[in-house]
Amino acid sequence: MNAGKNAGGPAAGVNRLDWLREMLRIRRFEEKCVELYSGGSIRGFLHLYIGEEAVAVGTVACLGPEDAIVGTYREHGYALARGVPSGVVMAEMFGKREGCARGRGGSMHLFDARTRLYGGNAIVAGGLPMAVGLALADQMQNRARVTCCVFGEGAMAEGDFHEAMNLAALWKVPLLFVCENNLYAMGTPVALELAGTDLAKQAGAYQMPAASVDGMDVDAVAVAVRAAVEAMRSGAGPFFIECRTYRFRAHSMFDAELYREKAEVALWKKRDPIPAFRERLQSEGLLTESSWGEMEAQVAEEIREAVKFAEAGTPEPVSELTRFVYSEPCP
């Protein structure tokens with residue numbers, strides 16, 4: 001049994017040191033993006049995942065390679081956890097052809113067919129109907145796959161959310177709804193947006209099983225997701241999970257962040273999922289200071305190489321700007 005594997009419990013047969021490494025990779029990647037954005041290498045919109053890493057890592061760890069993931073515009077963490085190379089993700093952020101979407105998607109539209117990462121959707125709740133379609137297609141073709149759709153609590157005020165929940169429940173498709181409840185829909189507190197703030201209860205309106213978990217605890221996320229995925233593979237239909245989490249940065253790099261108190265942010269940072277999980281693994285005898293230092297060094301080197309790869313990439317030629325665009329008039 002390798003170090004970091006549980007004999008039982010939430011992560012049986014899984015190397016939890018890999019989870020710590022994945023959360024650290026996402027954090028360092030995002031921190032580098034702040035630096036590069038400030039220097040002008042990354043342009044457009046940039047929505048950071050700092051603080052929410054436990055949700056992506058705990059969720060993706062419980063999905064198989066044939067399962068699909070549909071995300072939001074805050075999806076860098078899912079791309080990295082899913083296995084899209086960090087250099088390829090960074091190249092996409094730079095708008096280079098070597099990116100996962102040839103530089104045409106950028107930060108908000110990461111897409112990778114190889115890993116079945118179906119976006120990156122800039123429209124709030126825009127990915128939910130597509131996720132229903134993916135799950136329905138698998139069901140109709142008797143493929144033992146699950147689709148995971150990730151969204152923020154702000155999406156729950158949109159019509160697409162309720163239509164997707166209704167159809168998923170009606171058709172009993174294998175669709176996992178993962179709500180990343182970070183308490184703010186852009187700058188609007190959840191209590192000023194939704195009449196009912198017990199989000200898991202909304203699933204009851206569609207006769208859908210649901211759970212609420214601590215989204216700052218990667219073990220807790222994995223326990224809930226694994227149970228839901230196993231049930232769905234047995235034909236149980238869709239499942240809803242609310243992950244209560246928090247973004248440590250503003251909504252986007254353009255956000256002045258005038259809607260929440262600094263003291264609130266500081267309080268949530270005390271629950272940072274990375275040092276909390278690091279301390280847990282140390283207390284379990286699975287991590288030493290030396291191995292943590294090695295992990296930090298390996299991740300730092302990976303991020304340096306990712307930036308080099310992106311910087312050495314090539315822009316899309318002007319001659320190909322209309323490629324992949326249907327511009328011919330219909331006959």
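I started at Val-57. Leaving aside neighbours within four places in sequence, I found Val-57 in contact with Trp-19, Glu-22, Met-23, Ile-26 and Val-218. I took contact to mean heavy atoms within 4.5 Å. The model is predicted, so I kept its limits in view: local features need pLDDT of at least 70, side-chain atom pairs count only at pLDDT 80 or more, and totals for chains, interfaces and linings use all residues. Residues are numbered from 1 along each chain as its sequence is written, and side-chain values use heavy atoms, with hydrogens and water left out.

I placed Val-57 in helix α2, residues 53–60. Helices here are DSSP runs of H or I with at least four residues, strands are runs of E with at least two, and both are numbered from the N terminus. Is Val-57 buried or exposed? Val-57 counts as buried, at 3% relative accessibility. My cut-offs were under 20% relative accessible area for buried, over 50% for exposed, and partly exposed in between, with a 1.4 Å probe and protein chains only.

I then checked the rest of the helix. Eight of the eight residues in α2 are buried, and I noted the helix as mostly covered. The buried residues include Glu-53, Thr-59 and Val-60. I also looked up one distance: Val-57 and Gly-77 are 20 residues apart in sequence and 7.8 Å apart in space, C-alpha to C-alpha.

**Entry: Asp-217**

I found Asp-217 in the loop between β6 (210–214) and α8 (218–233). Asp-217 is buried, with a relative accessible area of 16%. What does Asp-217 touch, not counting residues up to four places away in sequence? I found Ala-54 and Arg-280. Ala-54 is one of the buried residues of α2.

**Entry: aromatic rings**

I counted eleven aromatic pairs. The rule takes rings of Phe, Tyr and Trp (its six-membered ring) with centres within 6.5 Å; planes under 30 degrees apart count as stacked, over 60 as edge-to-face and the rest as tilted.

Phe-151 and Phe-161 make a tilted pair, 5.7 Å centre to centre with 55 degrees between the planes. This pair links distant parts of the chain: Phe-151 sits in strand β2 (residues 147–152) and Phe-161 in helix α6 (residues 159–171), ten residues apart. I found both Phe-151 and Phe-161 buried.

Phe-151 also pairs with Phe-177, this time edge-to-face, at 6.3 Å centre to centre and 75 degrees between the planes. Phe-177 lies in strand β3 (residues 175–181), 26 residues from Phe-151. I read a relative accessible area of 2% for Phe-151 and 0% for Phe-177. Phe-151, Phe-161, Phe-177 and Phe-240 form one aromatic cluster.

**Entry: the whole protein**

I counted eleven helices and seven strands. The radius of gyration is 20 Å, close to the 20 Å that the globule rule gives for 331 residues, so the protein is as compact as a globular protein of that length. The radius is taken over C-alpha atoms, and the rule is 2.2 Å times the number of residues to the power 0.38. The C-alpha trace spans about 65 × 50 × 45 Å along its principal axes.

Buried residues make up 51% of the 331. Of the contacts with a separation of 6 or more, 73% come from residues 24 or more positions apart.
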